[in-house]
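Here's a quick tour for anyone opening this one up for the first time. Take a look at the picture, then work through the notes below.

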Number of protein chains: 2
Amino acid sequence: MVAGMQSRSTPSARAGGRPRSAAADHAILEATRAALVDLGWTKLTLGDVATRAGVAKTTLYRRWAGKSELVVDAVAELFDELELPDSGSLATDIEGVVLRFAALLGRPETKTALMAVVAESTTDAPLRERVRASIVERQKRLVLEGRQRAQVRGELPVEPDPAAAARTADLVFDVIAGAVVHRALVSAEPVDTEWARRFTALLLSGLAATAGTGPAGPDLSRPPAGSPTRPPVQPH
Amino acid sequence: MVAGMQSRSTPSARAGGRPRSAAADHAILEATRAALVDLGWTKLTLGDVATRAGVAKTTLYRRWAGKSELVVDAVAELFDELELPDSGSLATDIEGVVLRFAALLGRPETKTALMAVVAESTTDAPLRERVRASIVERQKRLVLEGRQRAQVRGELPVEPDPAAAARTADLVFDVIAGAVVHRALVSAEPVDTEWARRFTALLLSGLAATAGTGPAGPDLSRPPAGSPTRPPVQPH
DNA sequence: GGCTTTCGCTACGCGTCGTAGCGTAACTGG
DNA sequence: CCAGTTACGCTACGACGCGTAGCGAAAGCC
């Protein structure tokens with residue numbers, strides 16, 4: 001499930017001896033999340049996690065290099081729940097994924113762990129790669145999915161240059177993820193429906209204006225009338 | 001200089017006894033930044049900071065509650081350098097402040113400290129208030145300054161409703177600061193001139209489309225011809 | 001049944017934390 | 001000038017988490 005797990009047990013190695021308990025893995029990661037809720041990042045100790053999981057402390061050190069790696073794997077599992085909703089229009093899709101991402105950031109486990117492991121990763125290159133593969137890349141795929149859907153719908157133009165397309169995808173990803181994280185964790189203000197709507201409107205009209213340098217296509221900021229999931233609401 | 005300092009020495013208290021050494025404050029904060037560069041956030045110890053600063057460890061604990069508070073004050077001083085450039089147009093102003101902010105985030109002290117204290121602040125309300133007052137509010141003022149300048153220039157419409165104006169200012173702030181931080185620290189990719197230009201174009205065309213619901217005003221995405229600080233460059 | 005690897009357990013040295021206690025230094029008001 | 005008050009440097013201390021070593025037992029594969 002989590003990408004960073006088979007990095008230690010290379011399947012090409014000789015396969016003799018007692019296998020690692022998969023149940024212990026689940027127990028440890030779940031205990032880690034529970035400890036994050038109760039204690040937060042700094043007060044979390046590996047000994048406490050071991051006690052909660054019902055395993056020996058040495059078992060933890062045999063599988064993970066340190067606290068950071070363990071927590072990355074523990075919170076990475078939560079990002080499996082993050083999916084791109086298919087609501088019929090690009091605008092409501094973005095609003096939906098923003099709200100889901102914000103709900104994930106609102107959980108006490110992720111709230112205290114995410115920024116901490118990113119902070120650690122600034123001085124630890126292997127950890128940064130682990131964060132990228134386990135968490136960041138999983139979010140970025142949602143952007144690529146959303147763009148492809150929108151292009152099929154005709155809501156976004158197809159960029160011919162793949163390098164330029166990758167640059168805009170990276171830009172959009174940093175804008176979405178960065179804005180939500182900053183709103184939720186730095187400004188510490190709620191990411192509610194109204195904020196998501198305003199943010200999406202800002203982003204989409206910006207995209208429409210910059211992507212199509214020529215005459216703009218249909219208005220992307222609002223879903224078409226009769227949206228299946230949510231009726232369009234006139235802003236007062 | 002730093003806002004959180006006079007919270008302990010209330011000037012209304014009785015003023016007898018030996019005054020606190022101001023030189024020690026500077027030495028401690030500078031030693032903290034040096035230790036952040038050499039050791040990073042986690043390996044930084046208060047005993048080491050005390051040794052570098054040439055003061056006793058107990059002096060540190062008399063002035064700051066813990067590592068987080070000390071680091072917040074240490075990096076908050078660096079944010080004094082952050083200013084809004086006056087380049088003649090809103091677009092180049094934003095590009096300039098984005099590059100300056102990114103340069104600040106590129107320094108090893110802030111890189112490792114900023115995310116760490118934000119992570120701490122998620123489980124520590126007094127610390128969150130300290131971060132807000134010392135660091136976040138200082139950045140947000142740049143947004144308000146930039147908007148006012150742009151309104152004087154006629155580049156942005158004046159929003160009559162103060163509540164709505166505050167909401168858009170908060171939104172723009174989270175988008176700018178969030179995107180730059182995410183690009184620099186999470187994606188770990190360079191915030192260079194080209195990225196700043198693309199991001200600014202995205203933001204400004206979004207602002208122009210959403211703010212003026214009626215007919216759009218002048219094109220905000222590019223400075224007027226003959227910009228005093230930087231000649232406009234055609235994107236290939 | 002032998003080989004290999006994992007697991008639980010105990011114990012250990014090490015470093016940091018945060019505080020207490022003491023004598024001294026600096027500054028103020030009478 | 002002297003008593004009062006506060007900050008400072010220094011030492012020492014208990015507490016705690018870290019990460020590792022060593023052992024016997026368990027659980028698989030050939």
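Let's start with Arg130(A), which is buried at a relative accessible area of 15%; buried means under 20% relative accessible area, exposed means over 50%, and partly exposed is in between, using a 1.4 Å probe and protein chains only. Arg130(A) is found in helix H7 of chain A, residues 125-153. Helices here are DSSP runs of H or I with at least four residues, strands are E runs of at least two, and both are numbered from the N terminus.

Keep in mind that this is a predicted model: local features need pLDDT of at least 70, side-chain atom pairs count only at pLDDT 80 or more, and totals for chains, interfaces and linings use all residues. Residues are numbered from 1 along each chain as its sequence is written, chains are lettered from A and ligands numbered from 1 in the order in which they are written, and side-chain values use heavy atoms, with hydrogens and water left out.

**Arg130(A) and its surroundings**

- The side chain of Arg130(A) makes a polar contact of 3.1 Å with the side chain of Asp73(A). A polar contact is a pair of N or O atoms within 3.5 Å; within protein, one must be able to donate a hydrogen and the other to accept it, and residues adjacent in sequence count only if both atoms are side-chain atoms.
- Glu69(A) touches Arg130(A) too, along with Trp64(A), Asp124(A) and Leu127(A), leaving aside residues up to four places away in sequence. Contact means heavy atoms within 4.5 Å.
- Glu69(A) is buried but has no salt bridge, and its nearest side chain of opposite charge, Arg130(A), is 5.9 Å away. For charge, Lys and Arg count as positive and Asp and Glu as negative, while His and the chain ends are not counted. A salt bridge is a side-chain nitrogen of Lys or Arg within 4 Å of a carboxyl oxygen of Asp or Glu.
- What Glu69(A) does have is a side chain that reaches the backbone nitrogen of Gly66(A) at 3.2 Å.

**Helix H4, tucked inside**

- Glu69(A) is found in helix H4 of chain A, which covers residues 67-76.
- Nine of the 10 residues of H4(A) are buried, so this helix is largely enclosed by the rest of the structure.
- The buried ones include Leu70(A), Val71(A), Val72(A) and Asp73(A).
- The cover over those buried residues includes helices H1 (22-43), H2 (46-53), H3 (57-63), H6 (108-121) and H7 of chain A.

**Salt bridges**

- The count comes to 38 salt bridges over all chains.
- Asp86(A) and Arg153(A) form one of them, with their closest N and O atoms 3.0 Å apart. This pair links distant parts of the chain, as Asp86(A) is in the loop between H4 and helix H5 (90-106) and Arg153(A) is in helix H7, 67 residues apart.
- Asp86(A) is exposed at 56% relative accessibility, and Arg153(A) is partly exposed at 31%.
- Asp93(A) pairs with Arg149(A), the closest N and O atoms being 3.6 Å apart. Asp93(A) lies in helix H5 and Arg149(A) in helix H7, so the pair ties together parts 56 residues apart in sequence.
- Asp93(A) is buried at 3% relative accessible area, while Arg149(A) is partly exposed at 22%.
- Over in chain B, Arg153(B) and Glu155(B) meet in a salt bridge at 3.2 Å, N to O. Back in chain A, salt bridges that share partners join Asp86(A), Asp93(A), Glu145(A), Arg149(A), Arg153(A) and Glu155(A) into one network.

**The whole chain and its copy**

- Chain A has nine helices and zero strands.
- Of the 236 residues of chain A, 50% count as buried.

**From the record**

- The unreviewed UniProt entry annotates residues 45-64 of chain A as "DNA-binding region". UniProt positions are given in the numbering used here, feature names are shortened, and annotations may be inferred rather than shown by experiment.
- Over residues 45-64, chain A is 75% helix and 0% strand, and the end C-alpha atoms are 13 Å apart.
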